[in-house]
Amino acid sequence: MSATSAPGRPRHASGTARRFRWSALAPVAALAVAGTVSARALRSTPLADDGALTAPAWSWLQGGPAPDPLTPDGLAVLHTAGWAWLTRAFERETGLAAAGRLLLGVALLLSCLLLWRVARRARLGDTGAAVAVLVLGGVPGLVLVHAVSAPAAWAVPWMLLAAWLAVGRRRRAVRALAVPALVPAVLLAPDVALLVTAGTAGALATGRLGARWSARTRTAAATALAPVFVGLVLLLPRWDPQPDVVAPWAAGEVRSVLLTAGLLATGALAAWVLPRWRPPAAALAVTTLAAVAPPGRFSALVVCLPVGALLVGALVQEAVARPALRPLRPALATAAAVGLVVGLVVAGAAVRLSPADDFGAADRRAFLDWYGQQVPAGSTVTASGLLADELRRAGVPVAADGDGLQVSRGGAGAGEVVARFGTEDTGLVVRDLRHRGPDADERALRRQLAAALLTNPTTADAGQVTGALLSGDVDPRLLTLLAGIAAQYGVGVTAVPAVDGEVGTPLRYAVVDSVGGVRLAEDPALVAQVRGWLEAQLPPYAPSSVVEVDDGLRVGFGYVPDPDALVSAAAG
């Protein structure tokens, strides 16, 4: 060792510290933008298949039938259940549809993170990696692709994990792990097999795979994969039949056609100008033509998106690296940084300020309040699909069919509408096949009861309530009860409120402010006495609700489909 060498420093040590690359923050910022944009987009635009994975996952966690892990839907349900347990998604009060969107957002963020690492492993720069992440998760229109409850949403992270393990200079043992990572991806979305087959053929043809083989052997192997690809295309409709996907991503819709054209153009352009990326570019183009183009497969569209995003990042990086743009690079870098910051601020403000869809949670809460207060405990309702699972989750007994209360979301149905919660098109509608309104004689009897009540000398002036009592729209149980109080003590009634949400049902509630000429609000002992008298009543005249209010007592009866028949039967 030389006497002049620095003591304690290894001979191979560098004299300068490794400088931090500020550009490394670009993918992180892109990931943050993708997270905020997806959080906003996934909280809006309800779709017909919302809850398609969370409903069976919740049912299985509650002891229901176990999903089949060898089918795309069954394995996706297992993924959904696992992530729901990890994120406590089912413990929230927002419902199964909202929980499904939350979990799809988790899958998208995981995909964006893995895409970033795949891009860097594939020797793509920070700029290209950031662009790839933004294309996959930061474009509001494209994020809606990931809002569809399809098993392919869970296939993308596995596919990217396999790519991350296989790409770059790695030990053989690490690369071998890509195979087991690829298995769940193919089970969740068999269209991944198309990408793998086409990509393998392209890698063989270009010498990226089998470099030690002769050109003739590689060409023969690549050619042999052609009938395998065709066979997979023909087998996929039987292997994994695709359910109908609603607009805007149904086959033939404008967005779907434009996205298909964009994927095809990206693959063709990357194969032309980027020799190193020709295998995945060719695989994207061929798979798009075979499985995405109308009447294509939605799962193929989902698994092709990350490949297309990666190629867009590579194309942008190639364009920026051209010598003609060298003088503009500082300005472009500054503009990109400002754009990412502005995008993050705008996306964050949109998440915080813009209204989010509750996926029917408010309507369900209103129905559950009505059900708990107006319907006898334990009454079974009829519902189907996701709504049935949501109601079971809330503790409501649900049957597939029956002649009682029918609960549905919008639309027409059998039975007369007795309650509605939410808007007419999308709100919850309650119908009752047993509901029967009063005939002429029964309505006349109601008016006679009301007249007897009002003409009783002990009845206080009813004021504006008089018209409601004489309308024939008041429940005969309530009229009979009020007449009984008036006959014994005298009664004052200040309001006959309708039940929130009900449609075409009789008025069943009244606010009693005085008994025997004494205001209830001024005599607590009298309130207790009246309560005891009301509790002593026998059905059907025993009220289901007696609540103290500012003016006195709010007395009411629960919902029954035919109150006139109950009163007639009690009268003998």
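F359 lies in the loop between helix 15 and helix 16 (361-374), where helices (H or I, at least four residues) and strands (E, at least two) are DSSP runs numbered from the N terminus. The model is a predicted one, in which local features need pLDDT of at least 70, side-chain atom pairs count only at pLDDT 80 or more, and totals for chains, interfaces and linings use all residues. Residues are numbered from 1 along each chain as its sequence is written, and side-chain values use heavy atoms, with hydrogens and water left out.

The pLDDT, the predictor's confidence in each residue on a scale from 0 to 100, has a mean of 85 over the protein chain, with 91% of the residues at 70 or more. By element, confidence is highest in helix 7 (residues 152-166), with a mean of 95, and lowest in helix 15 (residues 329-353), with a mean of 71. Over residues 1-16 the pLDDT stays under 50, and the model has 1 contact for this segment beyond four places in sequence, a contact being heavy atoms within 4.5 Å.

Backbone geometry was examined next. Most residues other than glycine have a negative phi, and most peptide bonds are trans. F359 has a positive phi, near 55°, and is buried, at a relative accessible area of 11%. Buried here denotes under 20% relative accessible area, exposed over 50%, and partly exposed in between (1.4 Å probe, protein chains only). R88, also not a glycine, has a positive phi near 60°. R88 sits in the loop between helix 3 (72-87) and helix 4 (96-121) and is partly exposed, with a relative accessible area of 41%. The peptide bond from P539 to P540 is cis, with omega near 5°; P540 belongs to the loop between helix 21 (524-535) and strand 9 (545-549).

Helix 10 (residues 191-206) contains 16 residues and spans 23 Å from its first C-alpha to its last, close to the 22 Å expected at 1.5 Å a residue; the expected span is 1.5 Å times one less than the number of residues. Helix 10 is largely enclosed by the rest of the structure, because 12 of its 16 residues are buried. Among these buried residues are D191, V192, L194, L195, T197, G199, G202 and L204. The buried residues of helix 10 pack against helix 7, helix 9 (178-188), helix 11 (215-239), helix 13 (278-292) and helix 14 (298-320). G207 follows helix 10 and has a positive phi, near 85°.
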